[in-house]
Amino acid sequence: MEPVYTPVIGFARLLFAAQGLKMTLSGLEHVPRTGGAVMAVNHTGYFDFTYAGLAGVEAGRLVRFMAKKSIWSNPVARPLMTGMHHIPVDREAGQESFDLALKALRSGEIVGVFPEATISRSFEVKAFKSGTVRLAQEAGVPVLPTTIWGSQRVWTKGHPRRMGRHHIPLLITVGAPIVVGADEDPTEATERIRSAMVAQLRADQERYPAWPDAERHLLPARLGGTAPTLEEADAMDAAEQRKRRAQA
């Protein structure tokens, strides 16, 4: 029992039930019951941390997520994020958040990370940052490849959220832990993890129920949807980043 995390879990379960989400969680046996691990999660929707976190809860673990520092500026979110011991990430000065995550891992926590660093507008798996591997190497813990499919239908970047009772299927899968050698090349290890997650996600896409024609804009072009390609989405992200920097 944790004074903040426990009631938040209860609220999230009520919300999921109210929305009629049809969640299928697979691979919970891969979540270690004790000890540290880095949970690497693909990112297609704003609620991904709640869905991945549920996989931890169902396995008897709480996940401490690394999230952008700006969330802590919200007066409602700040006490919740702090109380759940999530880790703020300053993208301009990431060493402090890396050190906090490392400390949590060494104390036996599961730390959740989004290696893509931002939501994928293409709904394909973007290139990964190397922080996941570096955390696993320095803490001496495994990586848990975790994939979510369908969350973009609830709420994603550039599209309205759907908070009503919509009965959307969600597939949440935790793959077998991946061990990264202490001397392994971080770039090669990062690509190894990404490749495993791409394969895992594609397997879930194949077993996902028929996608509604009205939501083809939320489906990758590779699967017959009208979402931007990975290259187009990367260009959109780069343009958005340039705009933010110019306004800073």
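Biologist: Is Gln137 buried or exposed?
Modeller: This is a predicted model, where local features need pLDDT of at least 70, side-chain atom pairs count only at pLDDT 80 or more, and totals for chains, interfaces and linings use all residues. Residues are numbered from 1 along each chain as its sequence is written, and side-chain values use heavy atoms, leaving out hydrogens and water. Buried means under 20% relative accessible area, exposed over 50%, and partly exposed in between (1.4 Å probe, protein chains only). Gln137 has a relative accessible area of 17%, so Gln137 is buried.

Biologist: Which helix is Gln137 found in?
Modeller: Helices are DSSP runs of H or I with at least four residues, strands are runs of E with at least two, and both are numbered from the N terminus. Gln137 belongs to the one spanning residues 131-139, helix α5.

Biologist: How are α4 and α5 oriented to each other?
Modeller: Axes are lines fitted to C-alpha atoms, for helices over the stretch in contact (heavy atoms within 4.5 Å), and angles run from 0 to 180 degrees between N-to-C directions. The axes of α4 (residues 95-106) and α5 come within 10 Å and cross at roughly 45°. Under 35 degrees counts as roughly parallel, over 145 as roughly antiparallel, 65 to 115 as roughly perpendicular, and the rest as oblique. The two helices, α4 and α5, are therefore oblique.

Biologist: Which strands are at the edge of the sheet?
Modeller: Two strands pair if DSSP finds at least two bridges between them. The open sheet has 7 strands in the order β1-β7-β6-β2-β5-β3-β4, with mixed pairing. Each edge strand pairs on one side only, and these are β1 (22-26) and β4 (87-89).
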